[in-house]
Amino acid sequence: MTRLLAMAGYVYQSAAAIVLIFAISHLLPAAEYTNFSLALASSQLLCVLMFEWLQLAGLRFLAAARENEAARLRWSLFAAGLSSAAVLAVVGSCASLTSALPRGIIALGLGISVLQGLTDLYFLSVRLSDRLGIASLLLALRATALLAGAAAGGVISGTAEAALLGIAAGHTLGLLAGLVAYRTPMERTSLQRMLADWKDFSRYGMLAAGASVIHLSVPVLLRVIVIGRLGATGAGAGFSIALDLLQRPFWVLNAAIHTVSYPEVVNDFENGSSAQSAQSARRMFEFMICTTLVLLGGLIGFIPDAARILVPQASLDGFLETAPTVAAFYFLHTHLQATMAVVPHLEKLATRLVVVAAGQLALVVCFALIAMSAGLSPRGAVGCAAVATLATILVALGPTLRFEAFPRWPLVVQASLAAILIASLGSMPTEPTTWLAGKIVIAAIATAVIGWRGDFLMLARRS
């Protein structure tokens, strides 16, 4: 039941993020939304740059640690998090002097990065204290606060600064709620021991986080390349909405699966047999592949209908043109960043992660620049980026294949057929309302069948 609650919390978080993008795109003018979108994407990049290494190190080391060791590691982890926050504030303030964005937007972006990094780190410690349910509720609460704060800022002021201030307030509320809901056990340690922990964290975490930063840079640079051609227009805003909107469901679903399954995979890898480790990894791979396939089908099938209602008219054409291709790109991008990285993370092959990420970045940038120079549309540029990402996946398969944690291919085929069925619903009319209701029922049944067949929440029959 706890796993079901956790997944429901992540689904809610994803839905809230989608509603936030639609709401802000309506509340802000196109030029303001473009600034908001760029500032928020940049803050995410900075957050990953400064805090992802601690997230990855904490997840890798805390998941298999004994109780006393875990309390000590948490102390070292939070001390490192506060140090990273201080460095980000100082270095970011100096670097902002060369930016063309308004100072208020830059300051808010830096603040959001710090608040999100510290909040994510605390929520991770709650989850790894065997409090999955509490962690899921906290994530849902923060998602609600982010939506309410950003929307309030947009309604009151109608500027990017006000919306970003609402985002910052949402993260602050989430952190305070986490501190009240559960105090994770910590054990103060000596400076020498803490520095030794930092050394272990950085040896693994910084390289792994470097790969995450590079992966996150891919859609940011893709945005820069395309927006540089389109400018702050309705078409540019539509493309930005597609990038902002369609990455969220994949990112949140991947985070949910990692939260639910990855600690068990790490524990079995460290403490179990090789067969047990491969079995845990196989279940996780099935979970990730099948659910993201169904999600891709759902986005292609239903997002266009929702867009005609929710996306501003000035941005609608740009959104509809690029949305299906952007969804396919994020599907591949998620699996390169998450699925292909599971085994290298387990085996602590962090250098390999960086090489793969750098290879994807180089290919995507080259393909996108060539596409735009050749006069292709934004959809064509994103399609080229998807092809480059697929090529990188094929090159990066080696460690995963050697681990022999192969998914059950009949289940993957069934998920693919369900995704095709759901995606095909996009060609059906949505009026009258009974047609839309019928489409939703068909998609829900197909999704439930795949969830039951895969037993992904361990609530159905065992196969």
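About 3600 Å² is buried between domain 1 and domain 2, buried area being the accessible area (1.4 Å probe) that two parts lose on being put together, summed over both. Carbon and sulfur atoms give 73% of that area. Domain 1 covers 1-189 and domain 2 covers 211-462; these bounds come from an automatic or database domain assignment. This is a predicted model, in which local features need pLDDT of at least 70 and side-chain atom pairs count only at pLDDT 80 or more, while totals for chains, interfaces and linings use all residues. Residues are numbered from 1 along each chain as its sequence is written, and side-chain values use heavy atoms, with hydrogens and water left out.

Taken over C-alpha atoms, the centres of the two domains are 22 Å apart. In the interface, 33 residues of domain 1 are in contact with 41 residues of domain 2, where contact means heavy atoms within 4.5 Å.

What polar pairing is found across the interface of domain 1 and domain 2? The rule finds one residue pair in polar contact, both at pLDDT 80 or more. A polar contact is a pair of N or O atoms within 3.5 Å; within protein, one must be able to donate a hydrogen and the other to accept it, and residues adjacent in sequence count only if both atoms are side-chain atoms. Between domain 1 and domain 2 there are zero salt bridges (a side-chain nitrogen of Lys or Arg within 4 Å of a carboxyl oxygen of Asp or Glu).

The whole structure has six salt bridges. In one of them, Asp120 pairs with Arg142, with the closest N and O atoms 2.8 Å apart. Asp120 lies in helix H4 (residues 103-127) and Arg142 in helix H5 (residues 132-156), so this pair ties together parts 22 residues apart in sequence. Helices here are DSSP runs (H or I, at least four residues), numbered from the N terminus.

The chain averages a pLDDT of 83, and 92% of the residues score at least 70; pLDDT is the predictor's confidence in each residue, from 0 to 100.

Key
Helices (H or I, at least four residues) and strands (E, at least two) are DSSP runs, numbered from the N terminus.
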